[in-house]
Every structure is written in C-alpha cells, then in structure tokens.
Amino acid sequence: MKKYEYFEATADIGLRAYGNDIEEAFENAGLAIFNIISDTSNIAPSIEIEFEVTSEDEVSLLYDYLEELLFYHETEFMLFSQFQVKIDEDLHLKARIKGEEINWDKHERKTEIKAITFHKMAVKKTDSVEVQAIVDL
C-alpha cells in the first residue's frame, strides 16, 4: 500500500494519505505534508516533540493534527520526518513527532505551506483508511 499521493487543486496541493488504520493514515499525512516542504529522507529524527489534541469528529481531528504540525514547524523552525500517532475512542490524539532544526544548506527547500484548509477534507474508512486534505501554498 502506498503511503500517500498528491492531487491537483487550484493554487493549492491536495494530498491523500493511506493506512491500515486511522493512526497510520494520519502518520502518513504528516509525512506527505513535510515532503511538500522538503525531502523528508534528509531530515534526521534527532529532536522529539509530543503534543495532544481532542476534536469533535475525525475530520476535525485531522485538521487539528495537521495544524499542530505546521505550528511546530513555524514556531520551532523544524522539519519532521517521523510521526507516531495514537487516537482513542474519545477522539483524543497523542502525537510524537521527530525531526531537526531547519538548515537550508542541508535541507532541500521545496514549497512553503501557508495553511491547512477544511475544503474537501475527508476521512474514509473501508478495509483500510484514506484521509484527504488540501493545503494552501
């Protein structure tokens, strides 16, 4: 199973991330986000950050999770390459993300993400899970 793919959205980039469960799909969405910004294969998982969010539904949880990833990227000046997500039945998400401080001499500079949008955001569950989001560039 592929981890993620991108699709065209006017002036934006859409992503679909996949997983055997919702946690793996969220982890792969994090990977997809940071592969828009840089090449995650060049990001050492040397610094760990943990955070928690709770939301009223799975789509809102996806939005809140992706927003937190961008928040830490922008406030801590970091890029992330490893994502561990645990979600309980009360839609409480605990994330452990790993990466390193941005060094544009080392890290490839791709595209800046301005924001996560709710537009066409989705969480689809069948035998596996697909999450979809569009990011504003």
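The largest nonpolar core holds 42 residues, and Phe26, Ile33, Phe51, Tyr65, Leu66, Leu93 and Val131 touch the most other members. A nonpolar core is a set of buried Ala, Val, Leu, Ile, Met, Phe, Trp, Tyr and Cys residues joined through side-chain atoms within 4.5 Å. Buried means under 20% relative accessible area, exposed over 50%, and partly exposed in between, with a 1.4 Å probe and protein chains only. This is a predicted model: local features need pLDDT of at least 70, side-chain atom pairs count only at pLDDT 80 or more, and totals for chains, interfaces and linings use all residues. Residues are numbered from 1 along each chain as its sequence is written, and side-chain values use heavy atoms, leaving out hydrogens and water.

- Helices (H or I, at least four residues) and strands (E, at least two) are DSSP runs, numbered from the N terminus.
- H1 provides the largest share of the core, 10 residues.
- Beyond its neighbours within four places in sequence, phenylalanine 26 is in contact with Glu58, Leu61, Leu62, Tyr65, Val85, Ile87, Leu93 and Val131. Contact means heavy atoms within 4.5 Å.
- In soluble globular proteins, nonpolar side chains tend to be buried together.

**Sheet**

- Four strands form an open sheet in the order E1-E2-E7-E6, with antiparallel pairing. Two strands pair if DSSP finds at least two bridges between them.
- Strand E1 (4-9) and strand E6 (115-125) are the edge strands, each pairing on one side only.
- Neighbouring strands of this sheet are turned by 20° against each other on average, direction ignored. Axes are lines fitted to C-alpha atoms, for helices over the stretch in contact, and angles run from 0 to 180 degrees between N-to-C directions.
- Strand E2 (residues 12-19) pairs with strand E7 (residues 129-136) over 8 bridges, in the antiparallel sense. Arginine 16 has glutamine 132 in E7 as its bridge partner.

**Helices on the sheet**

- Helix H1 (residues 22-37) packs on the sheet and touches E1, E2, E6 and E7. The direction of H1 makes about 145° with that of E2.
- Helix H2 (residues 58-76) also packs on the sheet, touching E6 and E7. The direction of H2 makes about 135° with that of E6.

**Helix H2**

- Buried residues of H2 include Leu61, Leu62, Tyr65, Leu66 and Leu69.
- The cover over the buried residues of H2 includes H1, strand E3 (47-54), strand E4 (78-87) and strand E5 (92-101).
- Just after H2, phenylalanine 77 takes a positive phi of about 55°.
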